[in-house]
Amino acid sequence: MKITQARLAAVAALTSGAAAITCDKASLQSAFPSIATVDFAQWMPANSTFSIPKGNVAYPTSPTKLRAACAVQVSVKNGTSNYGFGLFLPDDWNGRFLAVGNGGFAGGINWLDMAAGLGYNFAVMSTNTGHNSTSSDGKWAYHNEDALLDWGYRAMHGSTVLAKELTTAYYSNPILYSYYSGCSTGGRQGLRDIQLYPEDFDGVVAGAPAWWTNHLQPWTTKVGSYNLPNTSASHIPVSLFPVIGAEVMRQCDGADGVVDTIISDPNACDFDPNALLCTPASNASACLTPPQLNTLFQIYSDYVDTNQTFVFPHLWKGSELQWFVLLGGLTNEPNNLGDDYVKYFLNRGPQWQWQDFDYGVVQQADAEDPGNATADDFDALSRFQARGGKLLHYHGMSDGLIATGSSVYLYSKILQTLAPKGVNLDSFYRFFLVPGMQHCSGTPSTVNAPWYFAGANQAGSVSTSVSGVPGFRDAKHDVLLAMMDWVEKGVAPTEIIATKWVNDTLQDKVMRQRPLCMWPKKQRWSGKGDVNQASTWSCE
């Protein structure tokens, strides 16, 4: 996206414009329409801690060591829509706006991810999605269409529009560029927003997106049911997940050409699960029985239902150490992210049980798409592309919550929709896989894959005071800076270098760095030098 003369003029104005509005409730309220109410406004000096307001059950962690800024919370009542948002307005504003996403079914302002954005000097916003709940609690959605629509898309768009208005008024200057960063539900929010409102953002970074809501949530119940009931002979206990993971590592680690504890090409591995079969000589705590191997086969298989209808892809090999979330069965039922969707989003009621799951659940979800949340309007992305928007999409290859293949499928659907119309995907949309990374952030201690590149939720997962990539504040290592270079300078990312610190405290030494490759390219080691140095790897 080229910098217009108007934007250049706005840059110059940043240094000369005096704020017409101050950081107090009454002053900020004067900039808002009647549908919006400023709940509070407080100025925070540099190195402050922002105390999370009581009742924010989804995001209770307070960010620390903040840059000087005005912290604002706003409530909005617009017809049947009822939501809120938080906004950090930095003293040293960079002229840009950033919105950050949420997770699961959560209703709450994500102040911690906002703080990471504040570290770049963005004016940064998060919406509460229109309700108050933890990420796995969907009870609020029961027979509540308005709350569902707010969660699905209205709260993000409405909060973005109003937060931009307040930002412009506060600085007495226009916003130069608008960005978005979110993972999981946050990734879905970004994709859905630009499908419906392509003018909202100039650049969107979407991680591990829960984009296929009407199939993902039913699959969550389906895949959980494979390992239930937990008293059955086919149940694989959580204690065996690391055993399975170790065998996958043994067979698949070298499929990418180097044995280094990182499986970067799981689909190239011809995995034989029978190596785990219990025999009279086996240690019973480190092997699987034939019924358990049948369960393993289901887990590694796509969900295909009536008339061979493809519903959702399988969990990838290498994701086993995060299986406890969806397959743990500790409460003898699937994860709430599946069951609560059926009970409360599809209104089947709290009496519905997972044993009653059938393909009719998927058919109902397809017909109703609660909240208009599913981000499957692939053709609509052409409008975002036409106005110069850029989309950067990534997914961890060891994700145990949202099957990595769902992002590969998303890429293929976008390609199949837009390429026949003459749209060059690389011109506006780039997709990266992250070997060894779990859901949005982190890597198992037995893998130690480079996973940190300043994606959504990553800074907050290691520290309450981090922003960007410490020691590597450049577009080669930081996905948000890479997006800014793409939007503002026309420099498109071909690879992004991910980092792994020894203890992931960001205060110790770097353990490994490695380039993440733009799909469908894959990481390849040169065969020379230190495998832990990014310079010895390439994307081929």
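Me: What makes the link of Cys 183 and Cys 440 left-handed?

Reply: Look at the turn about the S-S bond: for Cys 183 and Cys 440 it comes to -100 degrees, and that link is left-handed. Keep in mind that this is a predicted model.

Me: How do you know that Cys 183 and Cys 440 form a disulfide?

Reply: Their sulfur atoms are 2.1 Å apart, and the cut-off is within 2.5 Å, so the pair counts as a disulfide. It links distant parts of the chain: Cys 183 is in strand E6, while Cys 440 is in the loop between strand E11 and helix H14, 257 residues apart.

Me: Why is Cys 440 called buried?

Reply: Buried means under 20% relative accessible area. Cys 440 has 3% relative accessibility, so it counts as buried. Cys 183, with a relative accessible area of 1%, is buried too.

Me: What makes the disulfide of Cys 252 and Cys 269 left-handed?

Reply: The torsion about its S-S bond is about -60 degrees, so this disulfide is left-handed. Cys 252 sits in helix H7 and Cys 269 in the loop between H7 and helix H8, so the bond ties together parts that are 17 residues apart in sequence.

Me: Is Cys 269 buried or exposed?

Reply: Buried: its relative accessibility is 11%, and the limit is under 20%.

Me: Okay, on to the rings. Why is the pair of Tyr 180 and Phe 201 called tilted?

Reply: Take the distance first: the ring centres are 5.5 Å apart, and pairing needs them within 6.5 Å. Then take the angle: under 30 degrees would be stacked and over 60 edge-to-face. The planes of Tyr 180 and Phe 201 are at 55 degrees, so the pair is tilted. Tyr 180 and Phe 201 are both buried.

Me: How many aromatic pairs does a search of the whole structure find?

Reply: The search finds 37. Trp 140 and Trp 151 form one that is tilted, with 6.2 Å centre to centre and 55 degrees between the planes. Both Trp 140 and Trp 151 are buried.

Definitions and conventions: Residues are numbered from 1 along each chain as its sequence is written. This is a predicted model: local features need pLDDT of at least 70, side-chain atom pairs count only at pLDDT 80 or more; totals for chains, interfaces and linings use all residues. Side-chain values use heavy atoms; hydrogens and water are left out. Rings of Phe, Tyr and Trp (its six-membered ring) pair if their centres lie within 6.5 Å; planes under 30 degrees apart count as stacked, over 60 as edge-to-face and the rest as tilted. Buried means under 20% relative accessible area, exposed over 50%, partly exposed in between (1.4 Å probe, protein chains only). Helices (H or I, at least four residues) and strands (E, at least two) are DSSP runs, numbered from the N terminus.
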